[in-house]
Amino acid sequence: MELERATLLQTYRFMCLTRALEDRIRTLFLQGRIAGGVYTARGHEATTVGAAMMLRDGDCIVPQHRDLGMHLVRGVSPRSILCQWLARGNSPTLGRDGQMHIGDMHHGIVPMISMLGESLPVACGVALTMKMKHRSTVVLAACGDGATNTGSFHEALNFASVQKLPLVLVIENNGYAYSTPAARQFAIQNLSERALAYGMPGESVDGNDVLAVMEALERALVHARSGQGPALVECKTFRVRGHSESDQADYVPPELRAEWLKKDPLQRFEAYLMQEDILTTTSRTEMMAQIQAEVDDAVSYAEQSPAPDGATVSHYVYAPDGPIAVVGEPEADNPHYV
Amino acid sequence: MELERATLLQTYRFMCLTRALEDRIRTLFLQGRIAGGVYTARGHEATTVGAAMMLRDGDCIVPQHRDLGMHLVRGVSPRSILCQWLARGNSPTLGRDGQMHIGDMHHGIVPMISMLGESLPVACGVALTMKMKHRSTVVLAACGDGATNTGSFHEALNFASVQKLPLVLVIENNGYAYSTPAARQFAIQNLSERALAYGMPGESVDGNDVLAVMEALERALVHARSGQGPALVECKTFRVRGHSESDQADYVPPELRAEWLKKDPLQRFEAYLMQEDILTTTSRTEMMAQIQAEVDDAVSYAEQSPAPDGATVSHYVYAPDGPIAVVGEPEADNPHYV
Amino acid sequence: FADAQRPPSPLARRIAAEHHVDIAQVRGSSPHGRVTKDDVVSYLEQNVQGQAKQPPVVET
Amino acid sequence: MAEISFRQALNETLRDELTRDENVFLMGEEIGVFEGSYKITAGLLKEFGPKRVVDTPIAENGFVGMAVGAAMLGLRPVVEIMTFNFIVLAMDEILNHAAKIHYMFGGQTPIPMVIRTPGGGGQQLSATHSQNLETWFAHIPGLHVVAPSNPADAKGMLKTAIRNNNPVIFIEHLGLYNTKGDVPEEDYTIPFGKAKIAREGTDLTVISYSRMASLALEVANRLEQENKWSIEVVDLRSLRPLDKETIVNSVKKTGRAIVFEEDWRSYGIGAEIAATIQEEAFDYLDAPVKRVANVEVPLPYSKPLETAALTGARQLLEAIDELAPRRRRR
Amino acid sequence: MAEISFRQALNETLRDELTRDENVFLMGEEIGVFEGSYKITAGLLKEFGPKRVVDTPIAENGFVGMAVGAAMLGLRPVVEIMTFNFIVLAMDEILNHAAKIHYMFGGQTPIPMVIRTPGGGGQQLSATHSQNLETWFAHIPGLHVVAPSNPADAKGMLKTAIRNNNPVIFIEHLGLYNTKGDVPEEDYTIPFGKAKIAREGTDLTVISYSRMASLALEVANRLEQENKWSIEVVDLRSLRPLDKETIVNSVKKTGRAIVFEEDWRSYGIGAEIAATIQEEAFDYLDAPVKRVANVEVPLPYSKPLETAALTGARQLLEAIDELAPRRRRR
Ligand SMILES: Cc1ncc(C[n+]2csc(CCOP(=O)(O)OP(=O)(O)O)c2C)c(N)n1
Ligand SMILES: Cc1ncc(C[n+]2csc(CCOP(=O)(O)OP(=O)(O)O)c2C)c(N)n1
Ligand SMILES: [Mg+2]
Ligand SMILES: [Mg+2]
Ligand SMILES: [Mg+2]
């Protein structure tokens with residue numbers, strides 16, 4: 001697979017933007033300006049960004065809680081994201097949900113529901129729609145190692161395979177589900193082995209090597225797009241922070257964390273780009289400054305945005321009557337749907 | 001594996017008894033004396049009986065709807081079974097449930113609940129108890145090909161493998177779930193491949209060859225009993241009748257059914273036993289007469305048993321207070337627990 | 001209230017009030033002694049000549 | 001106008017809607033080749049093909065979740081859950097996805113889907129196959145929950161359900177499938193949240209839905225013939241939204257009410273109805289609202305026990321006898 | 001007697017029971033190494049080892065089913081569902097297995113298990129993490145459903161739950177974990193089905209449970225201090241079985257009642273209470289029973305919306321103000 005220089009640079013930029021945005025969100029959380037929990041992709045950036053980079057216009061994503069990067073790649077603006085985290089009235093959810101529960105139907109991003117595994121059947125439904133409408137688009141769904149143990153994982157993948165749905169599942173295996181290490185979650189070495197139970201292809205790759213992720217995704221996407229059914233890619237990575245920013249993660253052996261910190265996906269990719277003369281120290285500095293400015297802008301935009309009005313609390317429980325355009329069809333009111 | 005002549009004969013007898021009892025139940029149903037549905041093991045007898053024959057005292061079974069044979073092997077009397085089907089007040093469920101929902105805690109038979117797949121976690125709980133109590137007993141659970149597509153199948157087997165539980169699962173793959181053929185249920189050839197997803201051993205055998213079933217079960221049971229965790233055996237068989245006795249099963253290609261009818265497990269085993277001089281025409285005739293007498297007795301016993309008293313309808317919703325003995329422990333009030 | 005002499009039902013109370021009837025004068029006929037609409041209506045029919053020949057029209 | 005069964009009304013309505021809107025499709029266990037465990041989807045696979053009539057493996061939570069995904073993109077899945085009892089496996093996709101996504105995500109995407117499923121007892125199918133859990137669903141904002149009692153309502157409400165842009169739980173009753181009734185041939189819808197005065201009366205109001213509503217109507221007609229009481233029957237048809245106005249107005253007229261429901265009494269449908277009546281028609285109540293419901297046991301199999309547990313005409317008659325005003329009807 | 005938090009009361013009770021009975025064991029996500037998402041199981045893995053404190057993969061239906069299996073053999077599993085919201089995934093094992101098996105199989109085997117789980121809103125955890133679905137469970141024969149409001153009750157009722165031979169849904173509230181209260185040090189149990197008069201009063205009865213009961217008590221105390229009304233507070237503690245007697249007797253005394261509940265109003269807990277009161281204390285009611293509950297929306301995240309949706313002291317005060325008798329208290 002030959003990736004263009006521009007694509008590589010963009011990939012790198014999204015990885016850096018993801019980290020910068022999450023760092024800022026973390027600061028806001030520690031300052032008490034965000035309620036609830038903050039779950040980040042720290043250490044996962046190659047997986048979440050790399051996977052989404054391989055998509056095309058019209059594809060959909062069904063992200064999980066560490067997939068801020070996917071949202072960025074698919075076109076959600078940092079301003080929207082900060083409005084969401086700061087629970088503003090103009091956030092994508094109009095203040096009704098927070099954090100990573102963003103969704104963006106205009107960009108083909110299926111809203112994230114917390115119940116692990118439960119979004120995989122939903123992803124199949126999206127893929128079924130594409131198949132029914134004879135599109136050549138695919139769905140990229142993501143889940144953690146923990147979520148692979150849920151019944152819905154099984155029901156969804158089995159179904160997708162029987163129906164030959166255009167679905168690619170990225171398992172972001174970061175070694176832990178909350179405090180539970182892989183060994184107490186399942187008795188296999190590679191989660192790609194789970195693909196065997198459904199008769200679909202699966203492979204495991206180094207999730208901290210963004211090029212490896214992108215290549216594996218390309219293989220899976222070609223398979224899914226060609227009508228041969230779903231494919232699974234396990235990206236082996238590591239959650240270098242706690243489960244959430246309130247978790248000290250004492251249960252993680254320090255050596256293990258130290259080892260993975262050395263494999264930081266940003267540094268690795270940066271070294272590659274420098275070596276290939278795609279990135280220079282100067283262009284990197286410039287990019288970082290832009291990213292910081294973008295993040296600053298997003299924060300102040302969000303801070304100036306009004307909180308939702310409590311009087312509207314009952315709006316949106318039910319959708320109004322009237323015709324509905326199918327997302328992705330020409331008549332649909334979704335001009336930004338990439 | 002060397003099986004004793006007596007064991008072989010007993011196995012054959014249980015297979016014949018299963019068929020005879022089910023034939024009678026079917027007749028009673030057609031006569032309108034049984035309400036609801038009748039699901040039989042016709043064509044499965046080698047699987048259900050063969051598997052249960054390999055158990056020892058103290059083992060438990062978690063049967064499904066075509067496992068009347070397992071109940072017989074584990075010691076439930078034809079009288080009890082007929083009282084159950086005829087919904088008598090003295091049935092194992094005191095008339096509160098019917099059909100195959102028998103259960104018999106005194107014989108280590110976990111009551112069957114209809115929701116497919118949902119009894120597999122329950123089976124794990126039974127196995128966990130055995131492990132906690134340091135017993136060398138095992139749980140034999142059964143399910144159909146259809147039930148392997150449920151989320152609970154996945155959650156249970158994964159768990160059993162992580163916890164190394166003494167569980168053996170027999171998949172009675174009879175080619176159909178209701179009217180749905182294997183190919184529209186899953187995209188794999190052998191359901192034993194599902195074992196790979198859990199890191200447990202799995203094998204597929206001819207489910208109409210009772211000796212093959214018994215040998216595979218022996219391997220699986222040795223594995224499970226030794227503390228190495230669960231094992232899975234797929235028995236490939238065929239549902240030669242409809243899903244229930246109300247189903248004509250027009251959706252089954254006649255050639256396919258005809259082919260499997262030729263492989264009838266009783267006839268096959270009978271031929272083997274005759275060839276080995278374990279069974280003779282005379283001893284067979286005698287056995288059949290005994291079986292018929294037993295079935296007749298069971299029917300008339302059940303018919304003479306009283307219906308439950310409607311006034312007791314609210315009894316048993318809640319268990320009374322007081323100490324509970326653990327099933328399988330010496331102090332437990334379960335003398336017949338094999 | 002003692003169980004023997006229950007109060008009138010809300011409906012009976014309302015109808016009595018609308019017709020300026022002292023509800024204490026009305027005897028309950030139901031098994032539990034509660035004064036109900038019927039009791040008030042028959043009381044009106046018997047005792048309040050000319051005032052309420054018809055059962056009151058209940059607004060719906 | 002033709003006299004057809006409840007089953008046939010559903011079948012024809014599904015055919016109509018599949019024909020009318022290419023975005024409507026059916027999904028469920030055994031609905032295609034087998035034409036449905038209760039034959040509601042007879043002929044539809046042949047007519048519309050396997051893309052519009054999707055047979056699924058046994059995975060209730062899975063295929064309900066799939067329906068949510070398809071609905072998010074604007075299709076209109078109509079899911080059949082083989083029996084109401086198996087809907088319990090799909091609660092998460094219903095509660096946390098179907099019912100909430102439109103609200104949680106600020107109206108980004110409606111979830112126009114229907115789950116149809118037959119429930120109810122009385123067929124000797126025992127505890128795990130004879131359930132009435134409608135109160136679980138009626139409690140959930142974001143859902144519509146309907147339970148028609150006759151073929152004509154079944155047609156009109158199923159059309160409304162399929163065309164509605166929100167998730168609808170459409171509860172059928174095994175005991176009603178063979179019930180016949182006149183069904184208009186034209187295309188019509190029946191709005192949710194409108195109860196029907198199935199029969200006018202003056203002595204007492206019986207409030208019901210689904211099979212018990214049809215039973216209530218029979219009982220009321222019989223009492224009329226026997227020249228006993230004049231019973232008004234309110235057939236709720238829709239449990240969420242609930243038509244409080246019709247209920248309250250009827251009770252304001254009669255002063256007395258019975259809720260007749262097949263579910264368990266405690267925390268059942270009748271609780272909400274009784275609570276609402278005492279809230280909104282307190283000054284019109286001549287006696288406490290009564291609830292006539294099932295005995296609170298998992299429904300047993302054997303006939304004597306099942307009969308003892310299930311509510312029915314006898315129980316309703318007894319309640320009417322106790323509650324009706326002491327005078328003879330005019 | 002020591003003043004400890006609700007969290008500590010639960011933790012100590014679990015330790016007590018694990019020590020007392022070797023057949024008691026704990027199971028759930030993150031309860032061992034991590035000591036529970038809310039630290040209710042702190043120290044227990046260290047003390048009792050991994051056979052008694054079993055960490056599970058993410059598979060709620062699976063491990064609840066496992067608990068059923070273990071309970072069938074006579075063990076006493078105490079399952080923690082990380083939050084109430086995930087219990088929805090385990091409904092089948094709860095409804096069709098735990099609650100029904102003892103009855104369906106003619107008393108062959110009791111199911112002595114407990115599911116503990118924290119629910120409730122007010123922590124800005126949004127719609128899928130702030131739920132109150134107690135009515136689903138309270139509707140089911142075969143279950144006990146309890147929801148204590150203070151540390152002393154939590155201890156006594158958790159002991160009862162663990163020693164009871166039936167499945168118990170033990171509902172905790174995130175907002176109560178840090179609440180402190182005096183807890184007797186000795187071993188004691190509190191029977192299910194006994195409500196507590198948390199405070200006597202004469203003007204009006206407020207009926208509640210869980211966190212809302214503790215809020216009701218605060219409100220009532222404040223009104224007493226302000227010399228306004230004399231409010232009786234009935235803390236239900238147990239929703240199934242429901243202590244009708246205490247409720248009815250209190251209403252017979254005061255003539256007026258408010259149900260104060262954090263769930264959605266329609267088909268919620270208050271519906272059953274109001275229906276029961278009008279059934280059994282009709283002649284003592286001076287006004288309709290009122291329900292003070294959440295606005296019927298999936299609970300939103302942002303503070304202004306969450307505040308608008310959640311019920312609380314202000315809503316209760318308003319309701320008291322409307323319902324209380326027009327005279328000043330003596
Ligand atoms: C069904 C369900 N059970 C429990 C939880 C609570 N929970 C949130 S995140 C998490 C761990 C997830 O682990 P994994 O899938 O590996 O994703 P990771 O956080 O490691 O990226 C758990 C248990 C949940 N969200 N959903
Ligand atoms: C969860 C669930 N969904 C649906 C059903 C209805 N149902 C009963 S038997 C059956 C088919 C079972 O197929 P399989 O597991 O292959 O067993 P078989 O009948 O072939 O022995 C179905 C769908 C059920 N009992 N449970
Ligand atoms: Mg993980
Ligand atoms: Mg099968
Ligand atoms: Mg208990």
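**Ground rules**

I noted that residues count from 1 along each chain as its sequence is written, and that chains are lettered from A and ligands numbered from 1 in the order in which they are written. Since the model is predicted, local features need pLDDT of at least 70 and side-chain atom pairs count only at pLDDT 80 or more, while totals for chains, interfaces and linings use all residues; side-chain values use heavy atoms, with hydrogens and water left out.

**Entry 1: the sheet in chain E**

I went to chain E and looked up an open sheet of 5 strands, in the order 9-11-10-13-14 with mixed pairing. Its edge strands are strand 9 (196–199) and strand 14 (290–294), and each of these pairs on one side only. Neighbouring strands of this sheet are turned by 25° against each other on average, direction ignored.

I wrote down what the words mean. Strands (E, at least two residues) and helices (H or I, at least four) are DSSP runs, numbered from the N terminus. Two strands pair if DSSP finds at least two bridges between them. Axes are lines fitted to C-alpha atoms, for helices over the stretch in contact, and angles run from 0 to 180 degrees between N-to-C directions.

Which way do strand 10 and strand 11 of chain E run? They run parallel, and 5 bridges join residues 204–208 to residues 231–235. Within that pair, Ser208(E) stands opposite Asp235(E).

I also found helix 10 (residues 269–280) of chain E lying across strand 10, strand 13 (257–264) and strand 14, at about 155° to strand 13. Contact here means heavy atoms within 4.5 Å.

**Entry 2: chain D, and how it relates to chain E**

In chain D I again read an open sheet of 5 strands with the order 9-11-10-13-14 and mixed pairing. Strand 9 (196–199) and strand 14 (290–294) of chain D stand at the edges with a single partner strand each, so one side of each has no neighbour in the sheet. Strand 10 (residues 204–208) and strand 11 (residues 231–235) of chain D pair in the parallel sense over 5 bridges. Thr205(D) has Glu232(D) as its bridge partner in strand 11.

Then I checked the two chains against each other. A rotation of 180° with 0.0 Å of shift along its axis superposes chain D on chain E, with RMSD 0.0 Å. The two copies are thus related as by a two-fold rotation axis. Copies are superposed by least squares on the C-alpha atoms of residues with pLDDT of at least 70 in both. I also noted that 100% of the interface residues of chain D are interface residues in chain E too, so the copies meet through the same surface.

**Entry 3: chains A and B**

Chain A can be laid on chain B by a turn of 180° and a shift of 0.0 Å along the axis, with an RMSD of 0.0 Å. The C-alpha of chain A nearest the axis belongs to Gly151(A), 1.7 Å from it.

In chain B, strand 6 (residues 202–206) and strand 7 (residues 231–236) pair in the parallel sense over 5 bridges, and Asp206(B) stands opposite Lys236(B).

**Entry 4: the ligands**

Where does ligand 2 lie? I found it between chains B and D. A residue counts as near if one of its heavy atoms lies within 4 Å.

I listed some distances for ligand 2. A nitrogen atom is 3.0 Å from a polar backbone atom of Leu116(B). An oxygen atom is 2.9 Å from a side-chain N or O atom of Asp145(B), and a backbone N or O atom of Gly146(B) lies 2.8 Å from an oxygen atom of the ligand.

Around ligand 1, residues come from chains A and E, so the site is shared between chains. An oxygen atom of ligand 1 is 2.7 Å from a side-chain N or O atom of His65(A).

Most residues other than glycine have a negative phi, and most peptide bonds are trans. I noted that the bond from Arg240(D) to Pro241(D) is cis, with omega near 0°. Pro241(D) is in the loop between strand 12 (238–240) and helix 9 (244–254) of chain D. Lys164(A), which is not a glycine, has a positive phi near 50°.

Definitions and conventions
A polar contact is a pair of N or O atoms within 3.5 Å; within protein, one must be able to donate a hydrogen and the other to accept it, and residues adjacent in sequence count only if both atoms are side-chain atoms.
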